[in-house]
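Here's a quick tour for anyone meeting this structure for the first time. Have a look at the sequence and the model, then read on.

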Amino acid sequence: MTAVAVDPAAVYTLRHADDCLVLSHRLAQWSSRAPSLEEDVALTNIALDLLGQARALYTRTSELDRTGRSEDDHVFQRDERDFVNCLLVEQENGDFAVTVARQLLFSTYQLETWRALGGSTDRQVAAIAAKAVKEVTYHLDHATQWTLRLGDGTAESHERMRAALERLWPYTAELFETDAVTDDVVARGVAGDPQRLRAAWDSSVDQVLREATLERPSTSWTPTGGRRGLHTECFGYMLAEMQHLHRAHPGARW
Amino acid sequence: MDPVDLEVEFNGLVEADQRIEPRDWMPDGYRRNLIRQIAQHAHSEIIGMQPEGNWITRAPSLRRKAILMAKVQDEAGHGLYLYCAAETLGVDRAELIDQLHAGRQKYSSVFNYPTLTWADVGAIGWLVDGAAITNQIPLCRCSYGPYARAMVRVCKEESFHQRQGFESLYALSHGTPEQHAMAQDAVDRWWWPSLMLLGPSDAESTHTSQSMAWRIKRFTNDELRQRFVDMVAPQADVLELTPPDPELRWNEARGHYDFGECDWDELRRVVGGDGPCNRQRLAHHVSAHEEGAWVREAAAAYAAKHSAVGVVAA
């Protein structure tokens, strides 16, 4: 579906909608499995915020691409190759350290992205961003607090957090990539330049890691492709589970 | 004060419909009874997250998914208030969780049934939450203050849960023939367990009379069951779904619905541990708890390190 010639702004909003949807789904998988009851509530809160952001962005996407697709069409009727979320958000939950690391790395990126979108020339996107900034500020604080506790907690938690960062770090390079879509939206003032977010992201993440007594992983491997619908293998299973009921009853209302 | 005077004062407060508060004197039996009931209630909220949570990742629309996530999150919140209410009686949450894991404290037997289709989520909201509300509304006037106050908020949220369940089931029963069949099947499976959620019949109930004297409970199990059936039977008509009870009919003379006898052997089996999901539900909770141990240890270690140097840990 992304092959249809559409406003690049619609592709841009779809990418962020998919990021929010997919991470929300992953976080929701923690329900009744979190390390404490308080954490169960917190992870679902974040998942619900992200789902709300996704819904607003899908609605805006359909206005921009003039397809009239509903939010459910976007979510339940597209195939794996049509999803344009980044690879980081689709990575499986792993242990709690992996979930925390994923959230730290993504929320830091998302906060910078939403801040930039607050000044978007697309007033609806700017309004969505203004609300989302408040939510993501909390998500980042939550992830930061846990990174500190796991990094500077016990020897086991430190090791798990180190391994989690090692595992996920390669997927962060993709967040700052540019292509024809980002060039277009940046030129029109719809969005900020992803590359310009990098410095703020680096300094924010580095500061948290330092305080958590963790080291920034180094890697030469920088997987990419999510924005073009090239995903990791785990993603297909997630979609299969998410879509099967909806697709088993074509045209049904729920 | 003399123990006899204390008991007289306690009984006077209860009879005057005043609230007993944590620092008030109370008989040991009252305390034990409340701990048992509140803990069982808290455990039910937490174990109750599993059957519905089973459908979060498969919810068929984003609207339903958001509602379901929020609902399951509410159950976690209810568990938290209730564990806190129990803690005012001098036990702590970790101890109660241990008792649950050891099988010494129970949770509602209704959660030992599986959620096999999406319609089960609606049926649980409509029937299970409906039965729970019937039980819980009188608890807002329970003689123990912290429990009564926790129940006020719980009931508000449960009432939303029941309405969303009804609405979700209505969409199915007025949808495609396949959706209608799915809804009917769910009602067939959840009807009797929901009636049994209100506890054994009065003749069999071991805790009812003392709990009523202490004004922890206000109505007997059978009274609550009648109330519940009177509420949901006409709703079933609106849903165009048929409860699986051939004896269910309006009795003009009594001003109530008549209904059939629950399968009490089944209730005994499920309460005794041999329901379809007893082992699975408990094993899930135990494994989540054990897998989270290193996280809780890390938080405690961090707090200890940082409080030692004057930093306040969250």
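## A pair of helices, and two other spots

In this predicted model, helix α4 (residues 62-87) of chain B packs against helix α7 (residues 145-173) of chain B at an angle of about 160 degrees, and their axes are 10 Å apart. Angles over 145 degrees count as roughly antiparallel, so that's what α4(B) and α7(B) are to each other. As for handedness, the crossing of α4(B) and α7(B) is left-handed. Sorted by class, the residues in the contact of α4(B) with α7(B) look like this:

| Class | Residues in the contact of α4(B) with α7(B) |
|---|---|
| Nonpolar | 11 residues |
| Polar | 4 residues |

Now hop over to chain A. Helix α1 of chain A covers residues 8-28, which makes 21 residues. From its first C-alpha to its last, α1(A) reaches 30 Å, close to the 30 Å expected at 1.5 Å a residue. How many of the residues of α1(A) are buried? The count is 20 of 21, so this helix is mostly covered, buried being under 20% relative accessible area. At the start of α1(A), A:D7 comes in: one of its side-chain oxygens gets to within 2.8 Å of the backbone nitrogen of A:A9.

B:I56 sits in the loop between α3 (49-53) and α4 of chain B. Is B:I56 buried or exposed? With a relative accessible area of 2%, B:I56 is buried. B:I56 and B:W190 are 134 residues apart in sequence, and in space they're 19 Å apart, going C-alpha to C-alpha.

Conventions: Residues are numbered from 1 along each chain as its sequence is written. Chains are lettered from A and ligands numbered from 1 in the order in which they are written. This is a predicted model: local features need pLDDT of at least 70, side-chain atom pairs count only at pLDDT 80 or more; totals for chains, interfaces and linings use all residues. Side-chain values use heavy atoms; hydrogens and water are left out. Axes are lines fitted to C-alpha atoms, for helices over the stretch in contact, and angles run from 0 to 180 degrees between N-to-C directions. Helices (H or I, at least four residues) and strands (E, at least two) are DSSP runs, numbered from the N terminus. Angles under 35 degrees count as roughly parallel, over 145 as roughly antiparallel, 65 to 115 as roughly perpendicular and the rest as oblique. A crossing is left-handed if the near helix is turned anticlockwise from the far one by less than a right angle, and right-handed if clockwise. Ala, Val, Leu, Ile, Met, Phe, Trp, Tyr, Cys and Pro count as nonpolar, Asp, Glu, Lys and Arg as charged, and the others, Gly among them, as polar. The expected span of a helix is 1.5 Å times one less than its number of residues. Buried means under 20% relative accessible area, exposed over 50%, partly exposed in between (1.4 Å probe, protein chains only). A polar contact is a pair of N or O atoms within 3.5 Å; within protein, one must be able to donate a hydrogen and the other to accept it, and residues adjacent in sequence count only if both atoms are side-chain atoms.
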